[in-house]
Amino acid sequence: EEKELHFFSGQWYRGRRWYARHFAGAADRGLVCGEITPYYLFHPFCAERIHALLPGVKLVVLLRNPVHRAVSHYFHAVERGFEKRPLGEALALEEARLAGTEEELRSPAGSSFDHQKLSFFHRGLYKEQLDRYFQRFPKENILLLRSEDLFLHPAETLATILDFIGAPGNVGQSGLRPGGHGGQAINDQQQRPPEAPHENRGAYSLVGDVDPGVLKDLTERFRGPNAELKRAYGVSWGQDDDDDGGCQQEVITHADKAKKKGGKGV
């Protein structure tokens, strides 16, 4: 019933029996089941722990445009009261905040608030995170998808996931619609479609809500890591190896709009 169990991160000390209880009876009913804990990708020890307990598991990884992911993460943290500083200051502090947190996480019961909640930039460095999994699991057991494909083509993407994990099902368009996700970047012309409440909701606009200079700097910081990600795993949000992830034009466009509106953003 729980979506995010965090067993392989902060609950590892509870042991396999505790974890197994969450899936009790599934096999008897012919169910294919699992959990969704996004933090497992960023946590430095989760890949090792998952492999130790479930070496043959199927893994589905959704990667969102890292610039949009960072901004969405920031606004979610602000909404929850985790972050009080402007985005630019929070990004500047991130390196210091995360210093030493890996050792805190090494313990089976280890946790770090800063590592989990305030890692706006570092969680978008996908290549090094994926390396930990591809070094341990066969590539045919890992499905890499872009979150944007799920947002825009939910039925088709869900069908791909079900086929990958070997789950039966006939996915139609009923109940699935584009754009129904938390923290979606929207502009002045877009209107969010009706959607069910989402724990991570937090609509923001790249116009006015985000300082254009901060957004441009963030885009530049991801340029190199995004190129490495594309070379290693074929995932990108643009067309060229050195592309900025499909954000540069957006930065220019929204910066121009923000100037016209006189907005300073965060």
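What percentage of the 266 residues of the protein chain count as buried? The share is 42%, where buried means under 20% relative accessible area, exposed over 50% and partly exposed in between (1.4 Å probe, protein chains only). The model is predicted: local features need pLDDT of at least 70, side-chain atom pairs count only at pLDDT 80 or more, and totals for chains, interfaces and linings use all residues. Residues are numbered from 1 along each chain as its sequence is written, and side-chain values use heavy atoms, with hydrogens and water left out.

**View 1. Overview of the protein chain.** The protein chain has 12 helices and 4 strands; these are DSSP runs numbered from the N terminus (helices H or I, at least four residues; strands E, at least two). Of the contacts (heavy atoms within 4.5 Å) between residues at least 6 apart in sequence, 67% join residues at least 24 apart.

**View 2. Packing of helix 8 with helix 11.** Helix 8 (residues 126-134) packs against helix 11 (residues 212-233) at an angle of about 30°, and their axes are 8 Å apart. Axes are lines fitted to C-alpha atoms, for helices over the stretch in contact, and angles run from 0 to 180 degrees between N-to-C directions. Helix 8 is therefore roughly parallel to helix 11 (under 35 degrees; over 145 is roughly antiparallel, 65 to 115 roughly perpendicular, the rest oblique). Helix 8 contributes Tyr-126, Lys-127, Leu-130, Asp-131 and Phe-134 to the contact, and helix 11 contributes Glu-228, Leu-229, Ala-232 and Tyr-233. These residues divide into 6 nonpolar, no polar and 3 charged, with Ala, Val, Leu, Ile, Met, Phe, Trp, Tyr, Cys and Pro counted as nonpolar, Asp, Glu, Lys and Arg as charged, and the others, Gly among them, as polar.

**View 3. His-6 in the segment before helix 1.** His-6 lies in the segment before helix 1 (16-21). Although His-6 is not a glycine, its phi is positive, at about 55°. Most residues other than glycine have a negative phi. His-6 is buried, at 16% relative accessible area.

**View 4. Surroundings of His-43.** His-43 sits in the loop between helix 2 (39-42) and helix 3 (46-53) and is buried, at 1% relative accessibility. The His-43 side chain reaches the backbone nitrogen of Phe-45 at 3.1 Å. Leaving aside residues up to four places away in sequence, His-43 touches Ser-9, Arg-49, Leu-105, His-115 and Arg-132.

**View 5. Cysteines Cys-33 and Cys-46.** Cys-33 is partly exposed, with a relative accessible area of 47%, whereas Cys-46 is buried, at 0%. The count of disulfides is 0, a disulfide being a pair of cysteine sulfur atoms within 2.5 Å.

Terms used: Polar contact = N/O pair within 3.5 Å; in protein donor to acceptor, adjacent residues only side chain to side chain.
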